[in-house]
Number of protein chains: 2
Amino acid sequence: MTEQPGPRTTYRHGDLRRALIEAGTELAREGGPDAVVLREVTRRAGVTPNAAYRHFADKSALVRAVSLAAQSRLAAAMEEEQSAIADDVDGRKSVAALAQAKLRAVGAGYLRFAQTEPGLFRTAFANHVDIRDAATEESAGAHGRTPFQLLSDALDELVDAGVLSADRRGGAEFVAWSSVHGLAMLVIDGPLRGLDATQRLVAAQRLLEMVQNGI
Amino acid sequence: MTEQPGPRTTYRHGDLRRALIEAGTELAREGGPDAVVLREVTRRAGVTPNAAYRHFADKSALVRAVSLAAQSRLAAAMEEEQSAIADDVDGRKSVAALAQAKLRAVGAGYLRFAQTEPGLFRTAFANHVDIRDAATEESAGAHGRTPFQLLSDALDELVDAGVLSADRRGGAEFVAWSSVHGLAMLVIDGPLRGLDATQRLVAAQRLLEMVQNGI
DNA sequence: CACACTTGTGTACAGTGTTCACTTTTACCT
DNA sequence: AGGTAAAAGTGAACACTGTACACAAGTGTG
């Protein structure tokens with residue numbers, strides 16, 4: 001992305017930190033979190049392995065940065081799905097139906113990203129992601145909201161619309177997130193990998209339905 | 001377990017394959033799938049690294065075997081939870097309530113194992129587990145049933161008891177499994193790691209409730 | 001312009017998975 | 001029995017990895 005052609009001319013790289021994250025992201029996309037190996041990352045950035053240590057404490061710090069970048073892309077996928085819905089109906093639906101559609105879009109975007117970019121998805125949740133990262137700016141999408149925040153927003157709207165009772169609001173993100181996350185993991189990396197596209201879609205629809213009914 | 005004290009006396013090990021799996025399981029328990037490293041495994045078995053290649057094609061095959069062993073322990077945890085329920089009520093409940101309790105036990109055992117043995121749990125689902133393994137004998141518990149089969153059984157009983165309508169039976173294992181698996185992953189390895197014991201329990205109860213209502 | 005600071009390089013080390021050639025033990029066949 | 005082929009172990013080597021240490025090349029500030 002930044003400098004493929006030969007060794008760079010300047011001694012200083014210019015924006016090595018970003019270049020390392022980008023190269024790491026590319027590796028993660030191709031082979032998941034284990035594929036982001038420090039030496040290869042620096043190689044792609046046209047720099048010595050040790051140069052990475054000027055920008056990251058160690059490999060795990062680099063991977064964490066890549067993970068945040070992946071989360072940011074996940075947020076973007078969710079926002080995309082949401083805006084598609086908004087464009088589609090644009091006020092023709094009741095607030096309740098719209099709020100439900102918005103929550104559904106959160107889940108659908110999540111699942112779509114997991115299947116479209118399994119390597120990045122696994123990286124997003126691979127290593128020691130802390131809930132404190134759920135609100136960090138680096139993992140936010142275009143509108144500045146992280147995946148977790150997007151889910152929270154959708155649930156809040158569901159309460160405002162009267163679909164979800166206030167006393168069931170607490171902890172709702174945990175169970176909603178769990179369901180969707182579980183399906184994603186099982187489908188891309190787990191025992192449900194064998195499922196073909198239509199089976200996956202059916203399972204996804206069924207799951208989102210369950211969340212809507214059971215939350 | 002098999003031979004700690006010094007180098008063994010016989011040239012042949014006797015049961016190296018099992019010893020390797022046991023050592024690998026111990027490592028997995030302590031540090032998850034990435035901690036099971038071939039050289040350390042052979043070291044613990046008192047054998048040269050290359051000896052492992054007489055029993056496993058490569059490292060990933062060894063890890064797969066360890067993964068199956070972990071799944072087997074998971075099945076045992078689920079069976080344990082189920083038999084506890086059976087002892088508790090023993091015919092005092094209706095078939096419907098008993099079937100529901102059995103399904104709940106499946107989920108509870110799953111979540112308990114994930115939190116009690118996070119390393120093994122992560123290993124059980126880490127690398128390239130195939131759904132075909134879901135029926136393999138090596139991953140079965142004491143009663144010869146794999147985790148997936150235990151879930152299927154519980155859902156079947158739910159249909160027999162008239163709690164779950166037959167037309168909602170198909171694909172039910174996917175959504176049920178997904179929910180529980182997702183919570184487990186998020187709690188032990190993901191963004192929900194910060195939750196304390198009571199928060200986890202609340203989330204678990206809430207989730208199992210949702211599955212019961214929404215399935 | 002000198003000097004401290006940042007950012008990159010070079011060399012080195014321990015640890016990993018895996019291959020190849022070798023030795024030791026076991027099992028089988030006449 | 002005895003000879004022999006397969007099975008199960010060893011040993012040295014290679015190409016990797018992450019990381020530490022000492023040093024060099026640029027950069028901004030007094």
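1. The model is predicted: local features need pLDDT of at least 70, side-chain atom pairs count only at pLDDT 80 or more, and totals for chains, interfaces and linings use all residues. Residues are numbered from 1 along each chain as its sequence is written, chains are lettered from A in the order in which they are written, and side-chain values use heavy atoms, without hydrogens and water.

2. In chain A, the axes of helix α4 (residues 95-116) and helix α8 (residues 197-214) come within 11 Å and cross at roughly 145°. Helices here are DSSP runs (H or I, at least four residues); axes are lines fitted to C-alpha atoms over the stretch in contact, with angles from 0 to 180 degrees between N-to-C directions.

3. Residues of α4(A), including A:Arg104 and A:Leu111, meet residues of α8(A), among them A:Ala204 and A:Leu208. Contact means heavy atoms within 4.5 Å.

4. A rotation of 180° with 0.0 Å of shift along its axis places chain B on chain A with an RMSD of 0.0 Å. The two copies are thus related as by a two-fold rotation axis. The superposition is by least squares on C-alpha atoms of residues with pLDDT of at least 70 in both copies.

5. The contact between the chains takes 36 residues from chain B and 36 residues from chain A. Because 100% of the interface residues of chain B are also interface residues in chain A, the copies meet through the same surface.

6. Two salt bridges are found across the interface of chain B and chain A; a salt bridge is a side-chain nitrogen of Lys or Arg within 4 Å of a carboxyl oxygen of Asp or Glu. The side chains of A:Arg168 and B:Glu209 form a salt bridge at 3.6 Å, N to O.

Definitions and conventions: Helix = DSSP H or I, 4+ residues; strand = E, 2+ residues; numbered from the N terminus.
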